[in-house]
Amino acid sequence: MKKIIALILCVSMFFCLSSVAFAEENTCEHEYTVTVVAPGCATRGYTLYTCGKCGDHKQDNYTAALGHTYGSWETVKEASCSEEGLLCRTCLRCKSNETKTVSVLPHTDKNSDGKCDVCGADVKVETVFSPYDWFKALIKAIKEWFAFIFR
């Protein structure tokens with residue numbers, strides 16, 4: 001029984017002392033130092049208030065992020081007929097980079113030898129017919145068909 005009473009007294013004293021400590025925490029007469037934090041490219045700005053006595057802090061007066069201001073695109077890697085290229089540009093304020101790829105270029109065969117002039121790959125040669133060429137081929141096919149039928 002004595003142990004239970006002692007335990008109840010200990011718990012009661014703990015709650016009394018913690019409520020006194022809590023009351024002392026709330027009695028700080030804050031002396032705030034004001035710091036204006038400027039917005040960045042991707043972060044908003046704000047005013048920061050920090051109490052020099054207890055360290056309490058709060059923020060308000062938010063301003064929007066500025067957004068990136070990129071320079072011009074620079075070639076990091078040239079595109080070829082076998083590999084993609086790479087372009088990069090840098091933000092003038094925060095030095096953040098943005099990249100984009102350049103599609104693979106088509107093969108070139110200026111000498112019409114069936115090989116790419118750049119990488120040597122086989123190039124499929126496609127003959128382009130005009131509508132007149134198709135009409136001539138149709139007439140020729142009809143003539144050959146009649147010649148075959150009436151032999």
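Four aromatic pairs are counted in this predicted model, with rings taken as paired if their centres lie within 6.5 Å. Let's start with Trp145 and Phe146: their ring centres are 5.1 Å apart and their planes meet at 75°, so this pair is edge-to-face. That label follows because planes over 60 degrees apart count as edge-to-face.

Phe146 also pairs with Phe150, and here the arrangement is stacked, with 5.8 Å from centre to centre and 10° between the planes. Together, Trp145, Phe146 and Phe150 make up one aromatic cluster.

How accessible are the residues discussed here? Phe146 has 40% relative accessibility, so it counts as partly exposed. Phe150, at a relative accessible area of 62%, is exposed. Thr47, a residue we return to below, is buried because its relative accessible area is 10%, and buried means under 20%.

| Charged residue | Ring | Distance from the ring centre |
|---|---|---|
| Arg44 | face of Tyr62 | 3.9 Å |
| Lys100 | face of Trp73 | 4.6 Å |

Finally, back to Thr47. Where does Thr47 lie? Its place is in strand 2, which covers residues 45–51. Leaving aside residues up to four places away in sequence, Thr47 touches Val34, Thr35 and Val36, and also Lys58, Gln59, Asp60 and Asn61. So the picture for Thr47 is of a buried residue, with a relative accessible area of 10%.

Key. Residues numbered from 1 in each chain as written. Predicted model: local features only at pLDDT ≥ 70, side-chain atom pairs only at ≥ 80, totals over all residues. Heavy atoms only, no water. Phe/Tyr/Trp six-rings, centres within 6.5 Å; stacked < 30°, edge-to-face > 60°. Buried < 20%, exposed > 50% of the residue type's maximum accessible area, 1.4 Å probe, protein only. Lys NZ or Arg CZ within 6 Å of the ring centre and 35° of its normal. Helix = DSSP H or I, 4+ residues; strand = E, 2+ residues; numbered from the N terminus. Contact = heavy atoms within 4.5 Å.
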